[in-house]
Amino acid sequence: MDLSLAEEYLLLALDDTSGRPLLSAQHVQFALAGASVADLTLRGALAVSDGADGGRAGRFRTTGRATPSDLMQREVLDLAHDRKPKDAVRKAGQGSFARRLRDSLQQGLAARGVLREEEIKILGLFPSSTWTPHDPAPETAVRERVLAALTGRADADERTAALVSLLLATDLTRKVFPDQDRRALKRRAKEIAESEWAGAAVKRAIDELNAAMAAASVAATGAATAGS
């Protein structure tokens, strides 16, 4: 099954038993925004302008190639255009847009039979949804691919390296693979993220996206701590 980078990240970020995310909703939404923009970059729909191509240097521009058929991903594409990578992920990762993006990804996976939505009530009062595996095969394939790269059993291809970079930026590797050595996983994840796994322009965009997500994660954690 052909999954987007954001769909792969979402499957790993959901607890298979509870159907709830392993991170806070705010962190997940920032990550899904970053993954969506990264996916469009990897597919060639977005590029970082060098200033000589009619765009503004250091900002995303749409290329007119590999335009996604999914309406929500086209909205992400339009939103990212003419924004710096860090600004694109911040814009897509907050507010109603971020919630719509997450809902779209969850509903899309449910429509394809990968996830199952179950309605629950928190504290018996507040309606919510959980998303548990319906067909575990796609997630299993993603897990095996990522773990093989993190344990050195296989080289990380471009998409796997991008996914590992996203997991590292949101400190999710230890939660996705709790039975593995945390330090070894993080060390290998950093090696993959810092390696030359993509062209310079793509790598730069992904690195900036990851830096923006990491900064947003720290800010969200600080805000939550201050409010407690």
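Start with helices α1 and α5, which are roughly perpendicular to each other. This is a predicted model. Select residues 5–13 for α1 and residues 95–111 for α5; their axes come within 10 Å and cross at roughly 85°. That crossing angle falls in the range of 65 to 115 degrees that counts as roughly perpendicular.

Next, show the side chains where the two helices meet. From α1, pick Ala-6, Glu-7, Leu-10 and Leu-11; from α5, pick Leu-105, Gln-106 and Leu-109. By class, this contact has five nonpolar residues, one polar and one charged.

Now turn to the salt bridges, of which the whole structure has ten.

Move to helix α6, residues 137–150, and select Glu-139 and Arg-143, which lie four residues apart, about one turn of the helix. They form a salt bridge with the closest N and O atoms 2.8 Å apart. Glu-139 counts as buried at 5% relative accessibility, whereas Arg-143, at 21%, counts as partly exposed.

Last, select Asp-39, Arg-43 and Arg-159, which salt bridges with shared partners join into one network. Within it, the side chains of Asp-39 and Arg-43 meet at 2.6 Å, N to O. Asp-39 is buried at 5% relative accessibility; Arg-43 is partly exposed at 37%.

Note on methods:
Residues numbered from 1 in each chain as written. Predicted model: local features only at pLDDT ≥ 70, side-chain atom pairs only at ≥ 80, totals over all residues. Heavy atoms only, no water. Axes fitted to C-alpha atoms, helices over the stretch in contact; angles between N-to-C directions. Parallel < 35°, antiparallel > 145°, perpendicular 65-115°, else oblique. Contact = heavy atoms within 4.5 Å. Nonpolar A, V, L, I, M, F, W, Y, C, P; charged D, E, K, R; others polar. Salt bridge = Lys/Arg side-chain N within 4 Å of Asp/Glu carboxyl O. Buried < 20%, exposed > 50% of the residue type's maximum accessible area, 1.4 Å probe, protein only.
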